[in-house]
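Welcome! Please take a moment to look over the sequence and the structure shown here before reading on.

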Amino acid sequence: MATRNSILRCGYLLPRVLLLWALLDVMLRFAPAQWSTFRASEYAMVTGPHDMGPYRTNFTYQNPHAYGDLASLSNCIDCRRYRPMIIHADGRGFANTQSSGSYNAILVGDSFGIGAEQPSDATLGSQISQRTGLSIYNACWPGRTITREQLMELIDQLGMTGGTVFYELMDRSLGSVLSSEEDPAPMRINQWSKNAEYSPLANLSRQIVGRLHNGQLMPNPDLANAARKTLPDGQTILFFNEDLQNATPRKTAFFAKYFRVLNKELHQRGFRLIVILVPSKYTVYQPLIKDARGTNKSKAMRELENQLDVPVANTTTALQQAAAEALKHGELLYWPDDTHWNAEGVRVAAAQIQSEYLADFSQRPGIAKVKSVSQKRVR
Amino acid sequence: MLFNSRVFLFAFLPVAYFVFWKLSSKQLRYMWLTIAGYVFYSFWNYKFCAIMAFSTLVSYTAGIGFLHFQDSLHRKLCLIVPIVVDLSLLSFFKYLGIWNFAFSSGEWLTSLWGMDAASSLLWKFHFHSFLWSRTLLEGALLPVGISFYTFHTISYIVDSYRGTIKPTKNIFEFAGYVALFPQLIAGPIVRFRQVEDDLEHLDTADRRSGLDIGWSYLVIGLIKKVLIADTIAAIINPGLGSFSTLGTAGAWLCALGYTYQIYFDFSGYSDMAVGLAHMFGIRLPQNFNSPYKALIPLIFWRRWHISLSTCLRDYLYIPLGGNRSGVYRNLLITMLLGGLWHGANWTFLVWGGYHGGLLILYKSFHEQWDALPTILRRGAMFLLSIIGWVIFRAESFAMATQWLRKMFYPTSGYMFTGAVVLLACVAVAAAIAHAAPNTFEISHQRSPRAACALAAGLVCCLIMITGGQRSPFLYFQF
C-alpha cells in the first residue's frame, strides 16, 4: 500500500501525469515544426496567418519526409510518397527567400502558387520568372488568397509603382470554396483560438492513433476524405473530394465581377492583371479514368475566361494533354498523394503561360484587353 | 464538455478544483459548485441553462412550500404542480418526437379516433404548429441530461412530500445539488438524501482523503470509456453501418461488442462521476454492480443503472401497487416507462417491454429457473441481455429482427475491418465484466505499482483523447 505521503499514490501521481502532459504540450510548441507536421502548409494552416503572410516571419520549414495532403487527410499510410521539402518565409510571412528587392510582378494565389513540395526554383513564380525575366514576389497563401486590401497594402510595402499581378485561380474556387473576399479582421481574432488549438502533441498523438485506425487493424474513419481512383496504367491516385463537385454559376459570376473590380484598381496604380486559371487534379485526370464522373469545371473555367475583360491564361487543356502524354511513360503531373502539381506540372503550366499568352502579351505593352490564344482558337 | 476532453481535464477541472478548496465556507462552496455546474452545462448550449434554472427554482419553491404548509391540500399542490411542470418540460423537449413519429407513420390514430377529414387536418395543423414552435425555440435540440436532472428534482419533491428528507432552505445548496457537474449529464441519479450529509459537511470535507480515491475512480473510468468502449465502438459502428452485408459471425460480434461497449461506456462514466465527486468531498452512490454476473432478471436490474432502477421502483412501481396487487401489470408499466425514459423511440419502448416480460416470466417460473446450474443461469441471463441490447441498439424494428435472425440462423456474409482487435477487446471486457471485481469492490488505497499502472493507462487515454475523435458518452442522449 502507498503511504499517505508517498509520491506513488493516485492522488499525487495521476494529477502530475496530467500536469506533465500539459507541460509537454506547451514545450513542443517551441520545437521545430517539422517534428510534428507533415509539411509547411499544414503548419501554416493550423497556426494561422502571421503578419501579412501565411507563415511565421523569417521562418524556414525543412522536412526531409514531407508527404501529400490527401495521404494525410485520408490517413492512408501506404499512399504516402515521401519527398524533401523546404520553404523559406520572408519578413512578411510569404514564401520568398528575401522580403526586399526590386520586384516588377506579384504572384497572388493559393498553395498551387506557393509550390507545395517544390524546390524554390521549380515553383510557379520561379518558372514564370525564368521564362519572362520578371522579378516576381510570391504572395500566395495555402487554402486561400489574399484580399484586395492586403494586395494593395503589399504593393505599397514593396514600393512598387507599376508592374504585373499574376492571379492564380484554381477551378476549386468555382465550387463551394470562396476565399478571396474574407474579411481580414475576423481572421486576426481567429488567430488567437487557432494558436491555442494548435498542438504538436495532439498532432503526434493523431499519428499514433492513425497507425491503429489504418484500415487493416481497425477501420479508418478518414478514408472517405479522399477519393481513390485507378489510372489506366494501374497507378492509384487520390483526389480531394471537393474537386469531384461541380462549379456553381454564382461563383463564376462572382469571380468575373471580382476581377473586373481588381483590374480597375490595379490599373489605377499602373499594374496589369493577368489571371492564370489552374485546373484541379481531378479536372486533369478525370478524362483518363474509366467510369469517372465528369464535372463542369472545365466548362466553367471557359465561361469565366469569356466573361473576363482581363488577360487570361487558361492552363486546363495544356495540362490535360500533357497529363495524357506523360501517363504513357508512367509519369504524372500531380503528386499521386496530394492535391498539388509536381515540378513537371508547374513546368507545363508555366510553358503554357509563356507560349500562349505572355508572348502575345509582351507585344502589347500597357494594360491591353487581350484574350488568350486558346480562347481565340475557340472563337 | 465531455469528461474525456482536453478542455475538461486541463482547464475546467483544475480551475473548479482549486477554487473550490480555496473557499472556506459552506455557502461559498455551494455557490461555486452551482456556478461550475452551469458553466459545465453551458458548453453544450447555454440557452438550456435557463431550463435547468427554472426546474431548480420550481422544485426549491416546492420544498419551501413543504416546510411552510402542513395541511394536506397545500402539500399536495406543492407535490403535483412542480412535478407536472418538470414532466411537461421533459415531455416538451424529449417526447414530442414519438408523437411526431406516430403521426408521420400513418393515419391510424386519426382513423382510430373516428375523426373526419377536416378535424384530422385541423388537429394536424395545430400539432405541427406546436412542433414548429419548438423547432424555432431551440433548433429541435434535446437539452442534454434533462432526464437526469428532472429525476433529481422530482425525487427531491417526492421525498420532501413523504418526509423522507427535510427540504433545504438554502437555495445554493439545492442548486449545487441539481447542477453538481459530475452527475449532471448522465447520472448517477443521485437523490438528495444520498448526498445530504456530505453537502451539510462540505466545509469540513477532507481534501486529501478524497483525492486518492477520486483519481483512482476517475482514471479507471477513463480507461473503461476511452480504451475499451471507444475502441469497440470504432469497430462495430462501421460494421453496423453496412449491416445488411454482415453474416452470422459479424452479427454476433457486433451484438457482443455493443453489449460490452454500453456497459464500459456507462459504467466508465459513472466511475468518473463518482471519482470527480470524491474530489469535491461528495460521495455518489454506486450505479453498476457487475450486472453481467447476474443470474436472474431481477438481480440484473438491481445491478444495472442502479440509480434509475431504484428510482423507478420507489417512485413508480411501489406507488402503482408494487408486489401488493397487480404485480405483472406494475412490472410491465414500470419497465415500459423505464424504456421510454431512454428516449422517444419505439425500440426503447420495446426494449423496456422485453425486460418487463423477462421479469414477469421469472416471477412465473422462478422455481424451475433457480433449479438450473449456476453457470447455465448466468450464461442464459447474459444471452437474454445481449438480445435486449440488440433491440436497444437497432435503429428500427426491421433492423432488430434482421440482426437477431442473422445471429440465430446461419448466414454467410462479410466480416468487417477490425474483427481481430474487436475479439481481443471483447475478451478483455468479458474477463473484467464477468470475472473481476468491480470498482466499488476493489480498494482505492492503491499500491505504488497499481498507481503506476493507472498512470500508464492515463497516458494511453491522453494519447487517444488528444489524437482521436472525441466520443460522447452513450447515455448523454437519454
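## About the model

This is a predicted model, in which local features need pLDDT of at least 70, side-chain atom pairs count only at pLDDT 80 or more, and totals for chains, interfaces and linings use all residues. Residues are numbered from 1 along each chain as its sequence is written, chains are lettered from A and ligands numbered from 1 in the order in which they are written, and side-chain values use heavy atoms, leaving out hydrogens and water.

## Chain B as a whole

Chain B holds 20 helices and zero strands; helices (H or I, at least four residues) and strands (E, at least two) are DSSP runs, numbered from the N terminus. Of its 478 residues, 56% are buried, where buried means under 20% relative accessible area, exposed over 50% and partly exposed in between (1.4 Å probe, protein chains only).

## Helix 12 of chain B

Helix 12 of chain B runs over residues 248–279, 32 residues in total. From first C-alpha to last, this helix reaches 46 Å, close to the 46 Å expected at 1.5 Å a residue; the expected span is 1.5 Å times one less than the number of residues. Helix 12 of chain B is mostly covered, with 29 of its 32 residues buried. Just after this helix comes Gly281(B), with a positive phi of about 80°.

## Leu20 in chain A

Leu20(A) sits in helix 1 (residues 10–28) of chain A. Leu20(A) counts as exposed because its relative accessibility is 57%.
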